[in-house]
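Student: Could you take me through how the pieces of this one pack together? I'd like to start with whatever term I need for reading the helix and sheet arrangement.

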Amino acid sequence: MAIRKILLPLAGVASARAALGTALMLGARWRAHVHALHVRTDTRDVAPLAGEGLSGAMIEEMMATTEKEGNTEARALSALFDAETAAHGIAVGAPVRDASGAVGQASAWFSSIVGREEELVASEARLSDLIVVPHPKSAEEVASADALHAVLFDSGRPALIAPVEPAEMIGSRIAIAWNGTAESASAVASVLPWLSGAQQVRIFHSNDYQRQGPAADQLASYLELHGIAADITEFRAIDRSAGAGLLAAVTEFGADLLAMGAYSHSRLRQLILGGVTRHVLEHARLAVLMNR
């Protein structure tokens, strides 16, 4: 299935540049419509602070400050969006269709709305083919990670984590991290549209990473049915970290896209004990397509 709609949640300018460049590059590649979405904090969410001993005047001041900061961020993001779409030659507006009604070229649209980001992003994501999110390490904005987790846990759609720095190409050398889980199977389904155009596809597996389920050679046979030739490489944990071993092997391969399942263990367990998902989120430099 071709990618026709890309959602791009934007929290702030600091994390937006690489993600916006990534989304527009992919929009041009897939002739897709890119919806850049900025969610401003609802000032009414500040009201419950009245029970924390703050006076009405203090709460009103906080609400005014929150609204002002949100509007300032929205204007800055809109200006960045205009500059980047112009630089990429992307038409701004509704999806552009040809005489047959099919999407004929890439397009993009920016909107800034008030609400709760995790709810609005998850809702918008459910009718998007791909969600590009800023890398959690690209800024100190907590909202960058909030948007990622909203997509992974509440949308049923794939999240592509943009590189920290803009990449010239994504999808020419594709790495698939396979451990036999339902999450990794979802990642394979999401990356299928990319595989036919890749120069090389490699499956990475490890006894330190494998869970109960099909093995890597079975995945290779499945991909052959789709006309995709993929070789297989076994990686080993580094200092007992499967995530570190995976990223080292993927880097040696020269991948520009890693497809993998996310949080096959619980998010709380990963937070406390660590895990492959957490390590990749913290240390990956390339684009990562994640599914849950």
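Tutor: Before we start, bear in mind that this is a predicted model. The term to have ready is the axis, a line fitted to C-alpha atoms, with angles running from 0 to 180 degrees between N-to-C directions.

Student: How many bridges join E2 to E6?

Tutor: Eight bridges join strand E2 (residues 33-40) to strand E6 (residues 107-114), and the two run parallel; within that pairing, histidine 33 stands opposite serine 107 in E6.

Student: What about E3 and E6, parallel or antiparallel?

Tutor: Strand E3, residues 91-92, also runs parallel to E6 and is joined to it by two bridges, with alanine 91 standing opposite serine 107.

Student: Switching to helix pairs: how do H5 and H6 cross?

Tutor: The axes of H5 (residues 182-195) and H6 (residues 216-225) come within 12 Å and cross at roughly 50°, which makes H5 oblique to H6. The crossing is right-handed.

Student: Which residues make that contact?

Tutor: On the H5 side they are Val188, Leu192 and Leu195, and on the H6 side Leu219, Tyr222 and Leu223; sorted by class, this contact has six nonpolar residues, no polar ones and no charged ones.

Student: Then H7 and H9, how far apart are their axes?

Tutor: Helix H7 (residues 242-253) and helix H9 (residues 276-283) have their axes 8 Å apart and pack at an angle of about 50°, and they are therefore oblique to each other. Their crossing is right-handed. H7 contributes Ala242, Gly243, Ala244, Leu246 and Leu247, while H9 contributes Val276, His279, Val280 and His283.

Student: And by class, how does the contact of H7 with H9 divide?

Tutor: The residues there divide into six nonpolar and three polar, with no charged ones.

Student: Last topic, how many aromatic pairs does the structure hold?

Tutor: The structure holds five aromatic pairs. One of them is formed by tryptophan 30 and tryptophan 194, an edge-to-face pair at 5.6 Å centre to centre with 75° between the planes.

Student: Which helices do those two tryptophans lie in?

Tutor: Tryptophan 30 lies in helix H1 and tryptophan 194 in helix H5, so the pair ties together parts that are 164 residues apart in sequence.

Notes:
Residues numbered from 1 in each chain as written. Predicted model: local features only at pLDDT ≥ 70, side-chain atom pairs only at ≥ 80, totals over all residues. Heavy atoms only, no water. Helix = DSSP H or I, 4+ residues; strand = E, 2+ residues; numbered from the N terminus. Parallel < 35°, antiparallel > 145°, perpendicular 65-115°, else oblique. Left-handed = near helix turned anticlockwise from the far one by under 90°. Contact = heavy atoms within 4.5 Å. Nonpolar A, V, L, I, M, F, W, Y, C, P; charged D, E, K, R; others polar. Pairing = 2+ DSSP bridges. Phe/Tyr/Trp six-rings, centres within 6.5 Å; stacked < 30°, edge-to-face > 60°.
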